Amino acid sequence: MQPPAEMVHWLFGVGILFVGLCLLCEAVVGREVWQRRRWRKYLWPGLAFTLGLLLWPVMAFFTNSAIHMYAHGSWAEVLMLAGGAELGLVHGRLRSPLWRLTWPLAFVVTGTAFVVHEQNPWLFARSAFLHHLVGWTFIVGASIPLLLAWRPRSAALQASFALVIVAVSVMLFADRDVAPIFGHLSPLAGAPHR
Amino acid sequence: METPFTTRLPADAAYAVRVRIVSLLGPTVTAAGLVWAILQPWRVTLLHPRGQGFWWLLIEPPLLVAAAGVVFALVVARPLLADLEEHRAAAR
C-alpha cells in the first residue's frame, strides 16, 4: 500500500511550491505587511518544519538502501532545524540573526544528500538526472540564504530564495521513477510506467 | 523642486506592481497546472482509470499544482491583498 517514490516527490513538490509562493509574496509585499496577520507569519516556517517532520515516515518506509535512509533522515533533521529556527525568530523567542544560518546549512546538507544518494550517472534516467540537478541547485543555491543571513531585508535576495524553492518544486514534479531524459534511458532502469 | 505628485507616483506604481504580482501568483500556478493537464492528459490518470491502482487514481500531479494555486489564491493572496491595501491607507 506504499505509494511509488515519484508520488512522494510530487506530494513534497506541492508543499515546497506553497512555501515558495509564500516566500515570494513576502518578498513582494515586505515583511511588515506579511506579518500583519499573526497566523501568516508562522505559515511558511511552520510548513517547512512540517515537511521536515513528514520526511521521517519517508525515511522509515522507503528503505531501498542504507544511504537512502541516511539521506532522508538528514533532510528531516536539517529541515526541522531550519523551520524551527525560523519559527523561533518570527515568534521572538530567538533573537540572534545567526539562526538564519540554519537555512544555508539545510541547503548544503540537502544538496549533498541528493547528490550522494543518487548512485547512477546524470543520463541514466530522468529520476537520476533530477536528483543530480536538485542536489546541485541546493548546493549552489545555498549562497542565497547565506547572503540573506547578513542582508535579511533585501527583497532581491528574498525573491531569489523563493524562486530557488519554486524551481526545486518544478523539478520534483518533473520526476518519474522510470522515464527517459533527453532521449536517454538506461536499459538497466526498467520499463517506464506510462 | 518636489511636488506631491512626483513623490507619490513611484509609490503608487510600486503598490500597483505589488498588487498585480500577489493577485496573479495563484491564478498563474492554477493555469500552469491546467495547461500541464491539457498538454499531457496521460498524467491525469482519472481520465483513463482502467487498470490503475489506488495511488495512481488518487494523486494527479497537474491537478495538485492547480489545487495549490487555488488554495494559495484564496487562503494567502486574498487576505494579503486586503492587508496591503490597509497598510497603504494607513501610510497615507
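From the N terminus on, the elements of chain B run α-α-α, that is, 3 helices and 0 strands, where helices (H or I, at least four residues) and strands (E, at least two) are DSSP runs numbered from the N terminus. The structure is a predicted model, in which local features need pLDDT of at least 70 and side-chain atom pairs count only at pLDDT 80 or more, whereas totals for chains, interfaces and linings use all residues. Residues are numbered from 1 along each chain as its sequence is written, and chains are lettered from A and ligands numbered from 1 in the order in which they are written.

The radius of gyration of chain B is 20 Å, well over the 12 Å that the globule rule gives for 92 residues, so chain B is more spread out than a compact globule. This radius is taken over C-alpha atoms, and the globule rule is 2.2 Å times the number of residues to the power 0.38. Along its principal axes, the C-alpha trace of chain B spans about 75 × 25 × 10 Å. Of its 92 residues, 20% count as buried (20 or more other C-beta atoms within 10 Å of the residue's own; exposed, 12 or fewer; partly exposed, in between; C-beta atoms placed from the backbone). Within helix H3 (residues 61-91) of chain B lies B:Arg88, which is partly exposed, with 15 other C-beta atoms within 10 Å. The C-alpha atoms of B:Arg88 and B:Asp12 are 9.3 Å apart in space, although 76 residues separate the two in sequence.

Chain A comprises 9 helices and 0 strands. Its radius of gyration is 17 Å, close to the 16 Å that the globule rule gives for 194 residues, so chain A is as compact as a globular protein of that length. The C-alpha atoms of chain A fill a box of roughly 55 × 30 × 25 Å along the principal axes, and buried residues make up 42% of the 194 residues.

Two helix pairs of chain A were examined. The axes of H1(A) and helix H4 (residues 43-61) of chain A come within 9 Å and cross at roughly 165°; axes are lines fitted to C-alpha atoms, for helices over the stretch in contact, and angles run from 0 to 180 degrees between N-to-C directions. H1(A) and H4(A) are therefore roughly antiparallel (over 145 degrees; under 35 counts as roughly parallel, 65 to 115 as roughly perpendicular and the rest as oblique). By class, their contact has 12 nonpolar, 1 polar and no charged residues; Ala, Val, Leu, Ile, Met, Phe, Trp, Tyr, Cys and Pro count as nonpolar, Asp, Glu, Lys and Arg as charged, and the others, Gly among them, as polar. Residues of H1(A) in this contact include A:Phe12 and A:Gly15, and those of H4(A) include A:Trp44 and A:Leu47, contact requiring C-beta atoms, placed from the backbone, within 7 Å.

For helix H6 (residues 102-117) and helix H7 (residues 126-141) of chain A, the axes come within 7 Å and cross at roughly 155°, which makes H6(A) roughly antiparallel to H7(A). Among the residues making the contact are A:Phe107 and A:Gly111 of H6(A) and A:His131 and A:Trp136 of H7(A). The contact residues divide into 8 nonpolar, 7 polar and no charged.

Between the chains, the contact takes 19 residues from chain A and 20 residues from chain B. Helix H1 (residues 5-29) of chain A contributes the largest share of the chain A side, 12 residues. That side divides into 16 nonpolar, no polar and 3 charged residues.

Notes
Contact = placed C-beta atoms within 7 Å.
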